Structures are given as structure tokens and as C-alpha cells.
Amino acid sequence: MTIAVRRAERSDGERLREIAAAAKGSWGYDAARVAAWAATIDVLGEKGSAKEIHVAELDGNPVGWMSIVAGDADAWVLDDLWVDPESMGRGAGTLLFHRAVELVRERAGARLEWEAEPNAVAFYERLGARYVRDSPPSEWGRTLPVYGIELRASPVSRGADPRGTSLGSRT
Ligand SMILES: CC(C)(COP(=O)(O)OP(=O)(O)OC[C@H]1O[C@@H](n2cnc3c(N)ncnc32)[C@H](O)[C@@H]1OP(=O)(O)O)[C@@H](O)C(=O)NCCC(=O)NCCS
């Protein structure tokens with residue numbers, strides 16, 4: 001079994017949407033709600049967001065993906081992190097998370113933050129991330145824990161959301 005991470009290509013779009021829907025759906029949320037959400041997410045950053053998207057391949061097949069987007073001057077947002085349920089538990093999520101951190105470091109970012117799916121909080125804590133603050137109400141009307149990882153010496157900012165809006169596409 002070989003896992004590798006590469007940049008996303010335009011032709012990956014529909015597979016990435018499928019992976020996001022299956023991953024989100026794996027937590028038991030209402031299927032129609034998940035399908036409606038998956039139909040609208042900006043998978044390849046087509047609506048003008050400057051997302052950097054990377055895909056995890058297991059033996060050459062896409063099984064997961066993540067995206068990062070610039071926040072304020074020195075903060076970056078982990079906008080997506082999804083692994084196909086059939087391939088969970090094989091290290092793809094960890095590899096994608098580490099790649100996101102590596103990319104932000106290369107861009108001299110001070111920290112990476114994201115609205116964490118509550119079911120994934122333990123996964124992030126294992127990777128060294130910490131709770132920063134609560135998000136504003138999401139599209140689904142819930143407050144999510146914003147998690148972060150500090151990439152410089154100073155502590156994670158506890159100030160307002162750098163963009164003043166919701167972080168990521170978690171709902
Ligand atoms: C959360 C997610 C990205 C993890 O990806 P993954 O490829 O399954 O994770 P890994 O295989 O790298 O797991 C690394 C370790 O974390 C553990 N882990 C994975 N998901 C976990 C979770 N939700 N809670 C607690 N531990 C978890 C694994 O068991 C593994 O432990 P081990 O090293 O002792 O074997 C994936 O489960 C997923 O896409 N979930 C649904 C969508 C989601 O919630 N995305 C996050 C949006 S904020």
C-alpha cells in the first residue's frame with residue numbers, strides 16, 4: 001500500500017466532491033443535508049478563492065484531499081480535510097494535515113486555523129492542534145470549535161476571526 005500526496009488537477013473535481021460528501025456523511029448527518037452541502041462547496045476554488053488543494057492517493061487512487069487558503073497577513077485556514085470512509089485509518093488524513101502545515105511554513109505563515117468537525121477534534125489534538133475559540137454560527141446554525149496550530153514561537157491568537165467570517169466549509 002502506497003500513500004502519496006500531490007497537487008489537485010482540474011480533472012479531480014468530481015471525485016473530490018464525492019470524497020467530501022462521503023467523509024461528511026460518515027458522521028451520520030442527514031443524507032439530504034450532506035448532499036445539498038456537497039453540491040455547493042467550491043471544490044477547486046472556482047468561485048475565486050485562492051485555495052491550494054492537495055490530494056492523497058492510495059495506490060494511485062484519490063482517497064482524500066485538503067485545501068488551505070490565506071487568512072490575514074500571517075494566518076492560514078485549513079479549508080478542507082476529507083478522507084473517503086473506505087480509506088480512513090490508513091494515514092491519509094495525517095499525511096494531508098502534515099502537508100498543509102508544511103505548505104504554510106513554506107509561506108512563512110504564523111499559524112494554521114480551521115473550524116473543526118466535533119467528531120474530528122481528537123484526531124486534531126493527536127496532531128498537536130489546540131482549541132482556540134468558538135466559531136460564529138455556521139450555515140447549519142451550530143457553533144464549531146476553531147482549532148489551530150502555532151507555527152512560530154508566540155501563542156495562538158485568541159482574537160477575532162481574521163476574516164470576520166466563517167472559516168472553512170465544515171458547516
Ligand atoms: C478526520 C479524518 C480526516 C482523519 O483521517 P484518517 O485518514 O482516517 O486519519 P489517519 O489514518 O491519519 O489517523 C491517524 C490516527 O488518528 C486516529 N483518528 C482518526 N480519526 C479520528 C477521530 N475522528 N477521532 C479520534 N482519532 C482519530 C486514527 O485512529 C489514527 O490513530 P493510530 O495512529 O493510533 O492508528 C477522517 O476521518 C475524515 O475525513 N473524517 C470525516 C470528515 C471530517 O470530519 N473531516 C474533518 C473536517 S474538520
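Start at Y147: leaving aside its neighbours within four places in sequence, this residue is in contact with E113, W114, A116, Y124, A129, R130, Y131 and V132, where contact puts two C-beta atoms, placed from the backbone, within 7 Å. Bear in mind that this is a predicted model, in which local features need pLDDT of at least 70, side-chain atom pairs count only at pLDDT 80 or more, and totals for chains, interfaces and linings use all residues. Residue numbers run from 1 along each chain as its sequence is written.

One of those contacts, Y131, is also the bridge partner of Y147 in β7. Helices (H or I, at least four residues) and strands (E, at least two) are DSSP runs here, numbered from the N terminus. β6 and β7 pair in the antiparallel sense over four bridges; pairing takes at least two DSSP bridges between two strands. With β5 (residues 111–115), β7 (residues 145–150) also pairs in the antiparallel sense, over five bridges, and here L112 has I149 as its bridge partner in β7.

Now step back to the whole sheet. This open sheet has seven strands in the order β1-β2-β3-β4-β5-β7-β6, and the pairing is mixed. Its edges are β1 (3–7) and β6 (130–134), each of which pairs on one side only. On average, neighbouring strands are turned by 30° against each other, direction ignored; axes are lines fitted to C-alpha atoms, for helices over the stretch in contact, and angles run from 0 to 180 degrees between N-to-C directions.

What lies across this sheet? Helix α3 (residues 92–106) does, over β1, β2 (52–58), β3 (61–70), β4 (75–83), β5 and β7, running at about 30° to β3.

Over in helix α1 (residues 13–25), L16, I19, A20, A23 and K24 are buried, that is, 20 or more other C-beta atoms lie within 10 Å of their own, with C-beta atoms placed from the backbone. Down the helix axis, the buried residues fall within an arc of 125°, so they line one face of α1; the arc is that of the directions from the axis to the C-beta atoms. Among the elements covering them are α2 (31–40), β3 and β4.

That brings us to the largest nonpolar core, with 38 residues. Such a core is a set of buried Ala, Val, Leu, Ile, Met, Phe, Trp, Tyr and Cys residues joined through C-beta atoms within 7 Å. W65, L78, W82, L96, A100, L112 and Y147 have the most contacts inside it. Two or more residues each come from α1, α2, β2, β3, β4, α3, β5 and β7, and β4 gives the largest share, seven residues.

Conventions
Buried ≥ 20, exposed ≤ 12 C-beta atoms within 10 Å, placed from the backbone.
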